[in-house]
Amino acid sequence: MAGIVVSSWAALERFLRTDPADVGCEQAMEILHVYVDLVAADPDAARRYPGVAAHLAACGPCCEDFRGLLAAVTEDR
Amino acid sequence: MVDTCGNPAATLDDASAEWLSALTGTGAAREAALTRLHGLLVRVAVRELRRREAGAGISGRERDDLVHQAADDAMLAILGKLGTFRGESRFTTWAYRFVVLEVSSKLGRHYWRQHPAEHLEAEDWDRLPDRLGAGPGEDAEHAELVKAVRQAVEEALTEHQRRLFVAVVLNEVPLDALVARLGTNRNAVYKAVFDARRKIRGFLVANGYLEERWRGSS
């Protein structure tokens, strides 16, 4: 039972954790087209923009936009 | 090559250069490029609505309207900002970004057609453990967690942060729906919730709720 109890607090800690590298929505969306072209060509290219990667990992709506744009350019090629 | 701000521009690939040349030109070539670009934007909007969970409940004329509004608004934005395109990506990638963001924005507004405005203010704190993805723990432990977070929210957050935290976390209001409702932008809402998470965590650690339990779990 203790394990289950701890998991609630662990889930809370995970949810509250923030990444100081996170650049926020505005900056991430500003260069989303550049980021997507790089990732479409080489998935490892995300490492060149750690602040954007940190944001996309934390922000559901921006990650959805990233996936949508990546899908659009991938289908084009 | 120099962009309109006087900054050195990246080298354009051939396809992007063709797009720019046609769209900044005149006559039949420009008209053809406008028609082709609009068609591509419509296609991306259709696929994007189909891909997104939030678009699942939209069909028929409503879906067609949303697709064409997104494509039309994206088209206007693209033509208004052609001078800012610096060739850092393919032209089409740059252009598609506008229509993807328009779809998000329009889905945010559409959310309120299916949800009452009161949804924004409701506070059902018992949902918190479930919303955090916590397992089915004991009621007493969940109650303690909820009590601690509520205390942190009341004591550590501003009224604005509290309102947005409740809407996003407890009530699952999508960020873009909040943006539409409050007339703000996504970054402002995200930043408020980001700061709220950081402050709640600080409060829980300072008051011995989180750190002791977290250490105990590792």
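Modeller: Happy to! Chain B is divided into two parts, domain 1 covering 14-114 and domain 2 covering 120-217. Please keep in mind that this is a predicted model. The C-alpha centres of domain 1 and domain 2 of chain B lie 35 Å apart. Where these domains of chain B meet, 8 residues of domain 1 are in contact with 6 residues of domain 2. On the domain 1 side of that meeting place in chain B, there are 4 nonpolar, 3 polar and 1 charged residues.

Now for the fold itself. Chain B has 10 helices and 0 strands, so its pattern along the sequence reads α-α-α-α-α-α-α-α-α-α. Of the 218 residues in chain B, 34% count as buried. If you take the contacts in chain B between residues at least 6 apart in sequence, 70% of them join residues at least 24 apart.

Finally, let's turn to the neighbour. The contact between the chains takes 44 residues from chain B and 33 residues from chain A. Several helices of chain B each supply at least two residues to the side that touches chain A, among them helix 2 (27-51), helix 4 (91-114) and helix 6 (139-156). By class, the side of chain B that touches chain A has 17 nonpolar, 11 polar and 16 charged residues.

How values were computed: Residues are numbered from 1 along each chain as its sequence is written. Chains are lettered from A and ligands numbered from 1 in the order in which they are written. This is a predicted model: local features need pLDDT of at least 70, side-chain atom pairs count only at pLDDT 80 or more; totals for chains, interfaces and linings use all residues. Domain bounds come from an automatic or database domain assignment. Two residues are in contact if their C-beta atoms, placed from the backbone, lie within 7 Å. Ala, Val, Leu, Ile, Met, Phe, Trp, Tyr, Cys and Pro count as nonpolar, Asp, Glu, Lys and Arg as charged, and the others, Gly among them, as polar. Helices (H or I, at least four residues) and strands (E, at least two) are DSSP runs, numbered from the N terminus. A residue is buried if 20 or more other C-beta atoms lie within 10 Å of its own, exposed if 12 or fewer, and partly exposed in between; C-beta atoms are placed from the backbone.
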